Amino acid sequence: MTDQQPVPPEPPRRFPQRVFGTGSDPDARFTLANERTFLAWLSTGLALLSVGVGLEALGLGLQPQLRKAASVLLIACGIASPIQAWFGWTAVERAMREGRPLPAPRLGPWLVVALAVIGVLVLLGVLWGR
Amino acid sequence: MAGAVGGAPERVWDAGLQPERTLLAWRRFALALAVIGFVLLRVTWHQLGWWALLPSALVVGAAMTIAVFAERRYQRWARTLVASDALHNGARLAAIAAAVVTGLGVLLLVLALV
């Protein structure tokens, strides 16, 4: 073999390739801000799970079926949050790498609606409770 | 200092201390996860008995692992940012963290509905 130039080593492949395989690195500060947004969604999920479980555990004199419904819906929101966290992160990171406008959080409005419904359930649970 | 937390002091890479703030966000998340892991034992004891130790230990273990990896990740960033203004970040830790929270939620949902 008569290769004249050594091939530069490939940088380690970054996960996921769907994101890092396209475009180019944005300013590191934007990537870090995106990561903090991701963590904020995760923490929101933990908080929603905690409230959902706490509601069932504490009872609080709420009407049982309404309380259960609110609790289950809260836990469902707590499952939706890490999903939004991940897909929101990948969508924003790709958009930054490709220089496109940033997408809005897809599950955000649904979570808002769900939280309003949960509030109503708890309110009714209080009114019809012991 | 890019090595502002736990490392030798170096020149400031970012006056807004974004890498440091990101590390703190990871630490907060790991702490919250660990607390929930411990409380999980109390909350699932009634339904799972001694089996409650399993999800609780998994969550607490995940929280500690995430905390350790987040620190190492930050130290790597501090070096590469000062050296080349680039982050070379990956999302494996993030994927694991999201999977842990999702799995925890699914477990709690199943326990609530059963």
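The model is predicted, so local features need pLDDT of at least 70 and side-chain atom pairs count only at pLDDT 80 or more, while totals for chains, interfaces and linings use all residues. Residues are numbered from 1 along each chain as its sequence is written, chains are lettered from A and ligands numbered from 1 in the order in which they are written, and side-chain values use heavy atoms, with hydrogens and water left out.

**View 1. Where chain A meets chain B.** Here 28 residues of chain A are in contact (heavy atoms within 4.5 Å) with 35 residues of chain B. About 2800 Å² is buried between the two chains, and carbon and sulfur atoms give 74% of that. Buried area is the accessible area (1.4 Å probe) that two parts lose on being put together, summed over both. On the chain A side, A:Leu32, A:Arg36 and A:Leu46 lose the most area to chain B, together 21% of what that side buries.

**View 2. Helix 3 of chain A against helix 3 of chain B.** Helices are DSSP runs (H or I, at least four residues), numbered from the N terminus. These two pack at an angle of about 165 degrees, with their axes 9 Å apart. Axes are lines fitted to C-alpha atoms over the stretch in contact, and angles run from 0 to 180 degrees between N-to-C directions. That makes the pair roughly antiparallel (over 145 degrees; under 35 would be roughly parallel, 65 to 115 roughly perpendicular and the rest oblique). Residues that meet here include A:Ile75, A:Gly78 and A:Trp86 from chain A, and B:Val101, B:Gly105 and B:Leu109 from chain B. Ala, Val, Leu, Ile, Met, Phe, Trp, Tyr, Cys and Pro count as nonpolar, Asp, Glu, Lys and Arg as charged, and the others, Gly among them, as polar.

**View 3. Helix 1 and helix 3 within chain B.** Helix 1 (residues 18-48) and helix 3 (residues 92-113) of chain B have axes that come within 12 Å and cross at roughly 25 degrees, so they are roughly parallel to each other. Among the residues that meet are B:Trp26, B:Phe29 and B:Leu40 in helix 1, and B:Ala97, B:Leu104 and B:Leu111 in helix 3. This contact has 14 nonpolar, 2 polar and no charged residues.

**View 4. A:Ser81 and its surroundings.** A:Ser81 sits in helix 3 (residues 64-98) of chain A. A:Ser81 is buried, with a relative accessible area of 0% (buried means under 20%, exposed over 50% and partly exposed in between, with a 1.4 Å probe and protein chains only). Leaving aside neighbours within four places in sequence, A:Ser81 touches A:Trp41, A:Thr44, A:Gly45, A:Leu48 and A:Leu111.
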